[in-house]
Amino acid sequence: MDNSVAIELLQKKAEEIGRLPKKSDFSHEEICLIKAKLGPWNRALETAGLKEVSEHYIAKKEKVKIKRQLKKQNKSNSKIESNN
């Protein structure tokens, strides 16, 4: 089963109730499916196109990406120095 089922559940519920759906709008089984396929609730709403991705989340992801790149560079520089 792919993500489309979870996305469709969220989109249909939003259309039906006329607002962003909350977890309380779904059964326990539906919540489990949505979170399993799309991740945390806010990310699920974003993936379904019901909510804009927050600037804070984008900035946080970018910081993590930069940190990982720097760590990788430092590791490769350490290997080069140890080989000399």
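This is a predicted model: local features need pLDDT of at least 70, side-chain atom pairs count only at pLDDT 80 or more; totals for chains, interfaces and linings use all residues.
Modeller: Residues are numbered from 1 along each chain as its sequence is written, and side-chain values use heavy atoms, with hydrogens and water left out.

Biologist: How do you know that the span of helix α1 agrees with its 14 residues?

Modeller: A helix here is a DSSP run of H or I with at least four residues, numbered from the N terminus, and its expected span is 1.5 Å times one less than its number of residues. For residues 4–17 that gives 20 Å, and the end C-alpha atoms are 20 Å apart, so the two agree.

Biologist: Which residues of α1 are buried, and what puts them on the same side?

Modeller: Buried means under 20% relative accessible area, exposed over 50% and partly exposed in between, with a 1.4 Å probe and protein chains only; A6, L10, K13 and A14 are buried. They cover an arc of only 100° around the axis, and therefore lie on the same side of α1, the arc being that of the directions from the helix axis to the C-beta atoms. The face turned away from this buried side carries the exposed residues K12, E15 and E16.

Biologist: Why is E46 called buried?

Modeller: E46, which is found in helix α3, has 12% relative accessibility and therefore counts as buried.

Definitions and conventions
Helices (H or I, at least four residues) and strands (E, at least two) are DSSP runs, numbered from the N terminus.
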